[in-house]
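This report describes a few local features of the structure shown below.

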Amino acid sequence: MNFNLITIKPGLKLFLAIIVATGLMAEGYGQTKAYLRVNQLGYLSADEKEALIFSQAPFRGRVQLLRASDDKVMMELKPERRRTSNWGKFDYYYTLNFSSWTEPGEYYLQTGKTLDASDTFTIGPEAYGHHQETLLTFMRQQRCGYNPTLDMVCHEKDGRSFYGPMPDSTYVDLSGGWHDAGDQLKYLITGSYATAHMLLAFELYPEKFADQYNVLGQPGSNGIPDVLDEAKWGLDWIHKMHATPEMLFHQVADDRDHRGFKIPNQDNSDYGWGENSYRTAYVATGKPQGLGQYKSQATGLANLAGRSAAAMAIAARIWEEHLDDPIYAAKCRKAAISLYRLGREHEGYQQGNSYGAPYRYNEDTWADDMEWGAAELFALTGEKTYLDQAKAYALMSSNEDAWTVRDSAAHYQRYPFINMGHFALHRHVDQDFKEILEGYYQEGIDYTLKRAGQNPFHIGVPFIWCSNNLLTSLVTQIILYEKMSGDRQYGHFLATQRDWLFGRNPWGTSMFTGLPEEGEVPDDVHTSVFVMLGIKVPGGLVDGPIYRSIHDSLLGLTLNDPDEFAHLQNDHVVYQDDVGDYSTNEPTMDGTAGAILMMAHFGMEKDPGTQEKIND
């Protein structure tokens, strides 16, 4: 309607001018822009399927579900207002539930009047397919030593030891492992968890993993599932880090690495032996360390020894039972026993070391890791002493080590972000103890569920640094709780946490590079491979949004380009797809590895709801 061509009373003209200027035009006259948010990757047929729509004015009308192949309307959805506190940008949020639609295919949502449309998404088993393999693509990019993505060898001179029983600067062979994130440091803190997580994912979903690469990460089948090839890259490095029964290295390099972006085999960092040469290697002592201005805190090394022992114990079973390799299985068994004993002798935690910056991995928990190690060793050996100790560590850790029942934590303070020990122990104990372990998981789920009820996106994590790692861990905890208990009451909560990661968030972006292939995904990521070589590697989980109060206080954070999400940012949480934002847009090795179980779970041919309770 052209209002200039008709006569309008002055009072009505003023009224119309106001509502047009403020975007408050009602349905039928036009409407302010509505933003539709969906899981771009898609939904399994039996999933809870809930999209979100938000705007700066009330939304009145229907939303249609259309088939992408012919734009045919399949359903009409009535938005349901979410009455929760908002995050300071948009005032009106509505959910759109289309769980009843189960027919596989490609679809999108569209508003009936203004024709605002969502991204296209899949319904059916193809939504997740084999994307756990996509995550392994990113893991191969992170390899140190021989890097198959770049077909180059880097950091061959790792490293020169400090704090060990040998003289400082003694050479030890610690080549291998993974670069931690966009930087090129290597941590046992994260490497041990990534290795153990991949091995557990294989044990739970062995049929889901393909064999398309060899042990070096090069294309070509070698008779071993690729997830085990990748896990062995971590196992081999842990063996080097624990070269003798009494010694455990925990870190190679430090923040002297942070001298801008660089190709791995042209590392300009200088640790005292010139650029692209030897790097510092730290021995875990259980005492504070630091060669520069800043010192870490430490009380022991059981966190590292316990979960490294868990990884080795799982590996011993897999290489014996699945790969018919008793020699490597025996090597892992021996290491598992040795590592666990080292943890018993030095209970406490070892943190990451920094040199010239105040940021480090602040892990200060360890009983959860010893529980995991003891439970896996009992499963491996059948020795009751390990079972008794695992139960004692479980009661010691309870939820004291969990971020899930807290509203904040320091960077990596409550790491790993899920206590895998509770799940590993569950099948070995009596019913009363099973219920205790289930209760620990459920308490954390309930606490995060309560937090989720206070925001329009129904998200249960605090937005501290690496919030996406918390979120994939929460998803994993719900999955494992369902397996332990058979309790399916958290299905809707599980779906909304997963969906956030693939676009049901304020920015409408996936948090994984290249997933989905044609979707809104992290593009300008904080990695040298992208910045220096223009290579976009799919499957990497970026750090994710953080509280604005944290974001605005970080040192050296500047944007290279105008913020493409500026019109969607709010005063509560920030995410920016820019190489300059190392806090939200840097993909991490352990975050990606920690999402593999989740992806394998949803990639099953059958919906997760068909899984039976696992007690034995």
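## Residue Q389

Q389 lies in helix 8, which spans residues 384-397; helices are DSSP runs of H or I with at least four residues, strands are runs of E with at least two, and both are numbered from the N terminus. The model is predicted, so local features need pLDDT of at least 70 and side-chain atom pairs pLDDT 80 or more, while totals for chains, interfaces and linings use all residues. Residues are numbered from 1 along each chain as its sequence is written, and side-chain values use heavy atoms, with hydrogens and water left out.

Q389 counts as buried because its relative accessibility is 16% (buried is under 20%, exposed over 50%, partly exposed in between, with a 1.4 Å probe and protein chains only). Beyond its neighbours within four places in sequence, Q389 is in contact with Y340, R344 and A374 (contact means heavy atoms within 4.5 Å).

Four strands make up an open sheet with mixed pairing, in the order 12-15-14-13. Strand 12 (158-162) and strand 13 (186-187) are the edge strands, each pairing on one side only. Two strands pair if DSSP finds at least two bridges between them.

Strand 12 runs parallel to strand 15 (residues 279-283), and four bridges join them. F162 is opposite Y282 of strand 15.

## Residues lining the largest pocket

The lining of the largest pocket comprises 14 nonpolar, 14 polar and nine charged residues. Here Ala, Val, Leu, Ile, Met, Phe, Trp, Tyr, Cys and Pro count as nonpolar, Asp, Glu, Lys and Arg as charged, and the others, Gly among them, as polar.
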